[in-house]
Amino acid sequence: MSDSHADEIDHIVPYEDETEIRGQKEKPRNLIAYWLLGLCNNYAYVIMLSAAHDILSEDFQGNSTKPTPSPIVNNNSRDCNPVSTGAILLADVLPSLAMKLTMPFLLTHVRLRVLIVIALSSASFLLVSFSTAQWQAFLGVVFAAISGGLGEVTFLQYSSKYDKNVVSTWSSGTGGSGLFGALSFAALTTAGLSARKTVLLMLVVPALMAITFFFVLDHAKPRIKARDNSDTEPLMEESQSGVKEHTPAISMRSKCRMLPRMARFIIPLGLVYLFEYFINQGFELIYFKDIWLDHHSQYRWLQVDYQLGVFLSRSSVNLFRINAIWLLALLQFVNVILLTTEAVFLYIPSIWIVFTIVFWEGLLAGAAYVNTFYRVAHETIPQEKAFAMGITSLAGSVGVSTAGALAVPFHQYLCSLPLINRISKW
């Protein structure tokens, strides 16, 4: 298949004879490429969330390049930013939600999409690094969100061209982006580099995405079988072997009819995202005074801890699988109760207990993501797989957007409460 014909997303369909494909192993280069694409696609998103506490507390009007201390508070008030990190979350996800709502219904050349993703990701790092006003930093976060949302729906739809195992490597890569993104930001800022310069260094990530997609991923894989159907459109006139190849184009009506069937994947995954991101926006409010980490560092390392759990569980689908996504949502709700009451009453005696709960939260979140998309890839018929993968990715953005909207007023409420002294903080 020529590269020019590999660009249409909805027009790429695997062979009807799935047994023929199951006997073929996916090329290692494609598995590696999808791991790297998952890593790069979510990196800007993770960096913006890791930097949220710094973005909101830094003096952008003065264009300061040094991290500023947490706001000065008296002994009876909580150490809070004037604006919730939920505001950064909303700026980081609402544009992504718009992409995921529209892109599965549109036929667009994948190479053009990827170029837009790379450009927006680069622009996001530059805007945040060189911003002289807070609105410019927020615009950078918005660019990161559009880049991540467009990239996720594009690469997941495009994965229908390959063996379903690329979904597991993609999921592992997205988990890796969370871990390595949060870890790199926390480590570099802890070592003394300013938050701005740390973000600027991340420009290497969109460059890696470009190399991976255009030079590592194999776009010439012949996974299309000839078929004669009145509802199909020709993908290419003739292959090198002289066989005419056609693929079915799913109509808008068919896509709309699929939505109720996809609810069994979308709803539980969306709930897991809602619960986990509501928890994560409370990280800045779970603060242990006078320990070996200051407030900024506690927020950053809780992000690292959470992302470690996500990475490990997103890499686990080839070892064991979980079909009961609803159970994962229920367990995540228990975490909401634990950490929300902790943010209010500050009753947990040690930050290590919080680290343990947050790690468990990350394990549940990653397991829900990878097992949901693995099931979609495995249980959806070939003609519907590209659209199914794209529309299921919508669940995460809806859940995260709702969490951000709830986190903003909750932040204001908690910051109005008097400070409660912990009994212990070992």
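**Notebook: aromatic cluster, core, helices**

I began with the rings: ring pairs join Tyr34, Phe155, Tyr158, Tyr162, Trp170, Phe213 and Phe214 into a cluster. I took rings of Phe, Tyr and Trp (its six-membered ring) as a pair if their centres lie within 6.5 Å; planes under 30 degrees apart count as stacked, over 60 as edge-to-face and the rest as tilted.

Before going on, I noted that the model is predicted: local features need pLDDT of at least 70, side-chain atom pairs count only at pLDDT 80 or more, and totals for chains, interfaces and linings use all residues. Residues are numbered from 1 along each chain as its sequence is written, and side-chain values use heavy atoms, with hydrogens and water left out.

**Entry: ring pairs**

I counted 15 aromatic pairs by this rule. One of them, Tyr158 with Tyr162, is edge-to-face, at 5.9 Å centre to centre and 75° between the planes. Tyr158 and Tyr162 are both buried (under 20% relative accessible area; exposed is over 50%, partly exposed in between, with a 1.4 Å probe and protein chains only). I then looked at Tyr158 and Phe213: their ring centres are 6.1 Å apart and the planes stand at 50°, so this pair is tilted. The pair links distant parts of the chain, with Tyr158 in helix H7 (residues 134-158) and Phe213 in helix H10 (residues 204-216), 55 residues apart. Phe213 is buried, as is Tyr158.

**Entry: core**

I listed the contacts of Leu217 (heavy atoms within 4.5 Å), leaving aside neighbours within four places in sequence: among them are Arg29, Tyr34, Leu37, Tyr158 and Tyr162.

**Entry: helix H12**

Helix H12 (residues 295-314) has 20 residues and spans 29 Å from its first C-alpha to its last, close to the 28 Å expected at 1.5 Å a residue. The expected span is 1.5 Å times one less than the number of residues. I found 17 of the 20 residues of H12 buried. At its N-terminal end Asp294 is the cap, with a side-chain oxygen 2.7 Å from the backbone nitrogen of Ser297.

**Entry: two single residues**

I checked Ser129, which sits in helix H6 (residues 110-130). Ser129 is buried, at 7% relative accessibility. A polar atom of its side chain lies 2.7 Å from the backbone oxygen of Phe125. Not counting residues up to four places away in sequence, Ser129 touches Arg196, Val199 and Leu200.

I also checked Leu346, in the loop between helix H13 (325-345) and helix H14 (351-379). Leu346 is not a glycine, yet its phi is positive, about 50°. Most residues other than glycine have a negative phi. Leu346 is buried, with a relative accessible area of 6%.

**Entry: whole chain**

I noted 16 helices and two strands in the chain. Of its 426 residues, 59% are buried. Among contacts with a separation of 6 or more, 85% are between residues 24 or more positions apart.

Terms used:
Helix = DSSP H or I, 4+ residues; strand = E, 2+ residues; numbered from the N terminus. Polar contact = N/O pair within 3.5 Å; in protein donor to acceptor, adjacent residues only side chain to side chain.
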